[in-house]
Amino acid sequence: MSRPALVPLYLPITASAAAGFFEHARLPPLPVERAALFVVMAQLEQAQSHSHLQVLLRQAQQLFAQQPENGAQTLLQQRLQLADRAPEQIHRQLAGAAITYAPDELMHSQAWRGADGLYDLAFQQACRGSLQPFAIRLAAPSSEPEAEAEPLNARRRPRPQLAIHGTRDQHVVASVISAGDGEHIQVQAYAGTGKTHLIHRMTAVLGTAFTYIAPSQGHLFGFQQAARASGNTVRALHLWGLAHELAQLNAQRLQLGFVPRRISATYPPAEQARILGIPALGAHSPAQVLMICQRIIKRWCHTDSPLLSLREINRDTAGLSGPMAANLLASCEHLWRQMFQRQAVHGHLLSVDIVHLAKWLMVTGAQIPAHFGTLIIDEAHDLQPAWQYLFSRYPGGCVQMGDPNQRLRGKPRPSHGVQQVWMGQSVRIGNGVEHLVNTTLALGGNDPQAQGFAASRSHITARRSYSDPAGLPGEGLRVFGNPDALLDFLLQLTAAQAASVAVLPASARALRQQALGLIDRHRQQQARIAMQWQATAQQLQDAGCSALRQRIEDGFSLAALDALLAASADTDNAALLLGLVEHAKNLEADVVALTPCCFDRSVEQRHYHPARAAYQAMTRARHELWLPGDGMDRLRSTPMPEGY
């Protein structure tokens, strides 16, 4: 069920001027600004309609112009009644009634002024009009000569035109991409700024010249659905598909005789070590050495280093040096080589993941062929160094689009030698939570060179606070910071409630894995194999997950777990979607609620950056954003992880 957008009323005063008055009793100079302050205090005393407030605004402006001294005294006297409220609190109260302050540039240009010098109703449209029509001539296609002997007479197709109703940021980015044919461009776009919409529009106009690359099958599915609906014929694939295509070309170039691909090993570690001749090392058996090597290789694949070195060994095995470290490095190098050689065994001897495949492509000098056209890479902030290297060597145009503030793990990696453009104007999130989003970005370590996040002026996104999650709306998107809390919530639903609820597919898979771990831990306790369940049970109880604890102890079966998840799988028809914070990316909803566990230590304990996780979740909202009353205070007090 969609909620109607709240159309805002813009008062002719800037947020900084209003804050100066409420915090420091600093009176603005213009009668219209003083009238706006009068309207604010009248609204806070008793809620009134937008039309009545605009009439009051014009009347007050005339009075403040005629009697400036008396008007000033009246305002200062009324201000005393609000001495206990911070400017941000006042702004939030106004936003709850779909009232906000005017943009700075429109106040500076006196866009509020009508022909009679008073406040004009047309000011509202000027404030809301952040979307404007624009048209761009895209890069011309190749010439089509009628005869090779007369190249100067070659016919050229007309340059296609992109027409779009969008923000100035979208206009700038489209212009840069069009003008930079063959260039490498990095687009840093905040959540909700319309980059995906822009990609669809550009590729629809010039589809055959682009290849869209998604980070996962889920992203690709969503893009292809939208592309089919609009008749967009652009070529699209995800990183797995690109990796396998490049592996095939690279294998031919290297004359390997087979094509490396993603596979899962069918042999246990001890047998793998025996077949490969991995020796024991000190107190470690061959199987243990092999598993240490696999961990070192995986870590190395997440770096930009082209060679395995003792640095990687020392990083993973503190204190190991001398011949022992050299022998371990030799085993790692041997294992790496064997991962990309044909093995004379049945089944699959060694596992190869996408990070291995990308690293192999990088270190063997693979190159992406130019026939892909201009590459449009989505969610580029999550690219591993090997992919960044491969894309940097691409001979054609390459546009990397992403939001480094949505990188939940690790530190965003800077790109060098590329043109950078920013998209900061949201089309999803309206006035009312702009300060909240920018505060969260600052906590997340946003690039100080980046432009600030700007809310859409066309509607209000109301910030709602709650103390009891039971009072949250039963619609929209509800985001959880850890799987235990989400499982506990599902177990407490009645049959009637469960009928209108669904879990995001990726979150459902994570829940199943988490529940299986808890079930296994409880069984081991019962069989006296391990005694960890009591500590786990206490942690669940302390986290408020008593329903989950009780269900596990009562004998939660795999069949019951699968039945629970199957009953919550209809994401197309559910009124309320439930999901973990890491799976909220690329979603949007009229109503979004962040549960308390989005602001406790559980997010950090799962190795996610707490502030970036909160930013990613809260920027899914269009019209209402629900947060725990103490959520931001808890987020500010949470130590931010190092190396992020």
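**Notebook: a histidine, a ring cluster and a helix**

I began with histidine 356, which is found in helix α16. The model I am reading is a predicted one, so I keep that in mind as I go.

**Entry 1: histidine 356**

Is histidine 356 buried or exposed? I found it buried, with a relative accessible area of 9%. Next I looked up its contacts, leaving aside residues up to four places away in sequence. Histidine 356 touches Ile297, Lys298 and Cys301, and also Trp336, Met339, Phe340 and Ser351. Two of those names, Trp336 and Phe340, sent me on to the aromatic rings.

**Entry 2: the rings**

How many aromatic pairs does the structure hold? I noted ten. I then picked out the pair of tryptophan 300 and tryptophan 336: the ring centres are 4.9 Å apart and the planes stand at 85 degrees, and because edge-to-face means over 60 degrees, this pair is edge-to-face. Tryptophan 300 belongs to helix α13 (residues 286-301) and tryptophan 336 to helix α15 (residues 322-339), so the pair ties together parts that are 36 residues apart in sequence. I checked burial too, and both tryptophans are buried.

My other pick was phenylalanine 340 with tryptophan 360. Their ring centres lie 5.3 Å apart with planes at 5 degrees, so I wrote this pair down as stacked. Phenylalanine 340 sits in the loop between α15 and α16 (354-363), while tryptophan 360 is in helix α16, so here the parts tied together are 20 residues apart in sequence. Phenylalanine 340 is buried at 6% relative accessible area, and tryptophan 360 counts as buried at 5%.

Which residues do ring pairs link into a cluster? I listed Trp300, Trp336, Phe340 and Trp360. I also spotted a charge here: the charged end of lysine 359 sits over the ring of tryptophan 300, 4.8 Å from its centre.

**Entry 3: helix α4**

I moved on to helix α4, residues 68-79. At 1.5 Å a residue, its twelve residues should span 16 Å, and I found the end C-alpha atoms 16 Å apart, which agrees. Which residues of α4 are buried? They are Gly71, Ala72, Leu75 and Arg79. Looking down the axis of α4, I saw these buried residues fall within an arc of 100 degrees, so they line one face of the helix. They pack against α1 (15-24), α2 (31-45) and α3 (50-66). On the face turned away from the buried side, I noted the exposed residues Glu69, Asn70, Gln73 and Gln77.

Notes:
Residues are numbered from 1 along each chain as its sequence is written. This is a predicted model: local features need pLDDT of at least 70, side-chain atom pairs count only at pLDDT 80 or more; totals for chains, interfaces and linings use all residues. Side-chain values use heavy atoms; hydrogens and water are left out. Helices (H or I, at least four residues) and strands (E, at least two) are DSSP runs, numbered from the N terminus. The expected span of a helix is 1.5 Å times one less than its number of residues. Buried means under 20% relative accessible area, exposed over 50%, partly exposed in between (1.4 Å probe, protein chains only). The arc is that of the directions from the helix axis to the C-beta atoms. Contact means heavy atoms within 4.5 Å. Rings of Phe, Tyr and Trp (its six-membered ring) pair if their centres lie within 6.5 Å; planes under 30 degrees apart count as stacked, over 60 as edge-to-face and the rest as tilted. A charge sits over a ring if NZ of Lys or CZ of Arg is within 6 Å of the ring centre and within 35 degrees of the ring normal.
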